[in-house]
Amino acid sequence: MGRPKKATPIVEKAPPKVAGGFDVLPEQHLARGFFLEKLQNLAQTFSYSKIETPLVEDTRLFKFWKEAHPKEALFEMASDDGPPAGRAGKTVMAIKPTNLFSLARAYLEHHYYEKERTSKWFYLSSAAYLNSNRELQQVNEWGFQIFGETSAIADVQLMNLLLKLFSDLSLSSVSLEINNIGCLECLPPYLEVLKNFFKDKKYDLCENCLEDLENNPLNILACNNLSCTTAAADVPVLVDYLCEACRRHFIGVLEGLDELDIPYSLNQKVIGFPWSRKTVFEFRYKTADNQEIVLGQGGHADDLIQSLGGVPASALGFVGSQDQIALVLELTNHKLVAKSKVEVFLVPLGELAAKKSLRLFTELWSHNIVAAEFIGPGSIKTQLRLAESNKVGIALIIGQKEAREGTVILRDVPSGMQELFTVERIIEEVKKRLGR
Ligand SMILES: [Zn+2]
Ligand SMILES: [Zn+2]
């Protein structure tokens, strides 16, 4: 029983994508494919397992994010179909604004804290929210996340792994900027120091920083506005206010980096996310014309698991944007060539031949021979030239006559030599020529 058929509604013209949305076109996937391959290889070498979380979650999960982003908004939707089974009240759902909260939820919901001392994950997943202008912000995130027991050494290992990844991507001129943002014990007193310090410099601050002065004075340090940077020139540094535990952790990290001869810059403009604690770091790529592109940010979110009702567990991670990586790879003029794995190229001429080639395709595949048909207009000559430029060695041509007689022309693409075979013999012949 099918549903009653309805006419497809007419839209006079397909509307364009919404502001902030973007297509990733097939030709843009070369850089992404290259990145994914390196990422997955490295994750495997360093024992990180892949995880995926849903696009939409119960909005309560993002309370922390909401409080930390008063100007932005979640994409929220109340479920009108009543409460899901087993839960009271209506659920408000939201698209995840970033992956971290969903990862923490999954860690708790599937009891990983009971199963292993440390969970090491990597992920590739999109997130979205509305910015202060109520425009869509979609981020195709990638990242590494560790939950459980971590020490200063884990921070260093994560940075080392990321540097290896950037080097595998042939990205030179990547710099590591590092800071320590303290914890709930040592950060609040420092924020008071900042407030007092900037009170006398109110008139030098930009509009945003002035707004942040009372509730978020740390943001002033990160502001790139020249007059704010000048106002912050001799600001007391957070490192001098760290508690003993944070100070020891920071020293451990810096000593580890020295041990591995990893160069870094201490940078108090790097303040991480609102949920960041202790180490915060960024990797930056310098373009040929000296512009800096942030490849991603890392650090701890050590209160997160507990704030979601879990046991005390450390959370250390790094998050970047696939779009940013693709941009950098394109800027470096990477010689990204589509690697064609096609071994045999099929050229059916006419309708009957096209029908006959269906069976031939299936048989080639069942013998693990990768066959393809180059779709598109063009004479047999252009098609063979395509095969040649794609370095495909064998072309199988079926014309009307061959289709009727059950034969196939095998053409050796580089030499242009042709031979006629019966359909029954062709697979064996192809295998022989491919050295199987
Ligand atoms: Zn501290
Ligand atoms: Zn400012």
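Predicted model: local features only at pLDDT ≥ 70, side-chain atom pairs only at ≥ 80, totals over all residues.
Residues are numbered from 1 along each chain as its sequence is written, chains are lettered from A and ligands numbered from 1 in the order in which they are written, and side-chain values use heavy atoms, with hydrogens and water left out.

**View 1. Domain assignment of the protein.** Domain 1 comprises 26-186 + 242-331, and domain 2 comprises 344-433; these bounds come from an automatic or database domain assignment. The centres of domain 1 and domain 2, taken over C-alpha atoms, are separated by 49 Å.

**View 2. The open sheet of 5 strands, in the order E13-E12-E14-E15-E16.** The pairing in this sheet is mixed. Strands and helices are DSSP runs numbered from the N terminus (helices H or I, at least four residues; strands E, at least two), and two strands pair if DSSP finds at least two bridges between them. Strand E13 (371-372) and strand E16 (418-422) are the edge strands, each pairing on one side only. Strand E12 (residues 344-348) is joined to E13 in the parallel sense over 2 bridges, with Phe345 opposite Ala372 in E13. E12 also pairs with E14 in the parallel sense, over 5 bridges; there Val344 has Ile394 in E14 as its bridge partner.

**View 3. The enclosed strand E14.** Because 5 of the 5 residues of E14 are buried, the strand is largely enclosed by the rest of the structure; buried means under 20% relative accessible area, exposed over 50%, and partly exposed in between (1.4 Å probe, protein chains only). In a regular strand the side chains alternate between the two faces of the sheet. In E14, Ile394, Leu396 and Ile398 point one way, whereas Ala395 and Ile397 point the other way.

**View 4. Helix H16 (residues 423-433) on the sheet.** H16 lies across E12, E14, E15 and E16, and runs at about 130° to E16. Axes are lines fitted to C-alpha atoms, for helices over the stretch in contact, and angles run from 0 to 180 degrees between N-to-C directions. The buried residues of H16 are Ile426, Ile427, Glu429 and Val430. These buried residues pack against E12, helix H13 (351-366), E14, E15 and E16, where contact means heavy atoms within 4.5 Å. Just after H16, Gly435 takes a positive phi of about 75°.

**View 5. The open sheet of 8 strands, in the order E1-E5-E6-E11-E10-E9-E7-E8.** The pairing is again mixed. Strand E1 (49-50) and strand E8 (265-266) stand at the edges with a single partner strand each, so one side of each is left without a neighbour in the sheet. Strand E6 (residues 136-148) and strand E11 (residues 314-321) run antiparallel and are joined by 8 bridges; Glu141 stands opposite Ser321 in E11. Helix H5 (residues 152-168) packs on the sheet, touching E6, E7, strand E9 (277-286), strand E10 (292-300) and E11, and its direction makes about 15° with that of E9. Helix H12 (residues 322-331) also packs on the sheet, touching strand E5 (118-130), E6, E9, E10 and E11; the direction of H12 makes about 145° with that of E10.

**View 6. The zinc ion (ligand 1) and its cysteine donors.** Cys183 (SG), Cys186 (SG), Cys243 (SG) and Cys246 (SG) are the protein donors, lying 2.3 Å from the ion. Donors are N, O and S atoms within 2.8 Å of the metal (3.2 Å for Na, K and Ca); water is not among the atoms, so sites may look incomplete. The 4 donor atoms subtend angles of 104 to 114°, which makes the arrangement tetrahedral; four donors count as tetrahedral if all angles lie between 85 and 135 degrees. Along the chain the donors follow the spacing C-x2-C-x56-C-x2-C. Cys183 lies in the loop between strand E7 (174-180) and helix H6 (187-199), and Cys243 in the loop between helix H9 (226-231) and helix H10 (244-259), so the pair ties together parts that are 60 residues apart in sequence. Both Cys183 and Cys243 are buried.

**View 7. The zinc ion (ligand 2) and its coordinating residues.** Cys206 (SG), Cys209 (SG), Cys223 (SG) and Cys228 (SG) coordinate the ion at 2.2 to 2.3 Å. The arrangement is tetrahedral because the 4 donor atoms subtend angles of 105 to 117°. The donor spacing along the chain is C-x2-C-x13-C-x4-C, and both Cys223 and Cys228 are buried.

Definitions and conventions
Tetrahedral: all angles 85-135°; square planar, octahedral: opposite > 155°, others 65-115°.
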